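Here are some exercises to work through with the structure open beside you. Try each task on your own before you read its solution.

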Amino acid sequence: MYTDITLDHFKSPRNVGIIEDADGVGSAGDPNCGDYLIIYIKVENGFVSDIKFQVHGCCGAIASSSMTTVLAKGKPLMAAYTISNKDIMEALGGLPEEKEHCSLLGAVALKKAIANYASKLKKSQ
Ligand SMILES: [Zn+2]
């Protein structure tokens, strides 16, 4: 079963939406249950100043994506980059075993969004 924290994030996900002028965008999908996640970040002085996500997926994917954005918001980029599946699962109080793969999406999409931001930086230098 899902924990109360997971159900809370599923019922009222945090930081849902799009950032039109995002500094970095990353996506991840899980073909097994059709989950698809896009994460948008804004970066200020090396910190994740804002983060939003759009997800199409199951309860586990929605809750873990929401928790990913909560964990990353306001963090230094490097700290956000190292957020792992384990961190996300622990913050949710655990996920049912068959739903653990859904917690992968958040960490993957977040890393891609930060990498996207970093690649843009290189180009502008
Ligand atoms: Zn799923």
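**Exercise 1.** Which residues of the largest nonpolar core touch the most other members?

*Solution.* Keep in mind that this is a predicted model.
- Step 1: The largest nonpolar core has 31 residues, and those that touch the most other members are Leu-37, Ile-39, Ile-41, Ala-109 and Leu-110.
- Step 2: Now look for the elements behind the core. S2, S3, H2, helix H4 (85–91) and H5 each give two or more residues to this core.
- Step 3: H5 gives the most, with 7 residues.

**Exercise 2.** Work out in what order the strands of the sheet lie, and which of them stand at the edges.

*Solution.* 
- Step 1: The open sheet is formed by 3 strands in the order S1-S2-S3, with antiparallel pairing.
- Step 2: Strand S1 (24–30) and strand S3 (47–56) each have a single partner strand, so one side of each is left without a neighbour in the sheet. These two are the edge strands.
- Step 3: On average, neighbouring strands are turned by 15° against each other, direction ignored.
- Step 4: Now check the pairs. S1 and S2 are joined over 7 bridges, and Gly-24 has Ile-41 in S2 as its bridge partner. Strand S2 (residues 35–44) pairs with S3 over 9 bridges, and here Ile-39 stands opposite Phe-53.
- Step 5: Finally, find the hairpin of S1 and S2. There are 4 residues between the strands, and Gly-34 has a positive phi near 75°.

**Exercise 3.** Check the span of H5 against its number of residues, then find what covers its buried residues.

*Solution.* 
- Step 1: H5 has 23 residues, so at 1.5 Å a residue it should span 33 Å.
- Step 2: The C-alpha atoms at its ends are 35 Å apart, which agrees.
- Step 3: The buried residues of H5 include Cys-102, Leu-105, Ala-109 and Ile-114.
- Step 4: Among the elements that cover the buried residues of H5 are S1, S2, H2, helix H3 (77–81) and H4.

How values were computed. Residues are numbered from 1 along each chain as its sequence is written. This is a predicted model: local features need pLDDT of at least 70, side-chain atom pairs count only at pLDDT 80 or more; totals for chains, interfaces and linings use all residues. Two strands pair if DSSP finds at least two bridges between them. Axes are lines fitted to C-alpha atoms, for helices over the stretch in contact, and angles run from 0 to 180 degrees between N-to-C directions. A nonpolar core is a set of buried Ala, Val, Leu, Ile, Met, Phe, Trp, Tyr and Cys residues joined through C-beta atoms within 7 Å. A residue is buried if 20 or more other C-beta atoms lie within 10 Å of its own, exposed if 12 or fewer, and partly exposed in between; C-beta atoms are placed from the backbone. The expected span of a helix is 1.5 Å times one less than its number of residues. Two residues are in contact if their C-beta atoms, placed from the backbone, lie within 7 Å.
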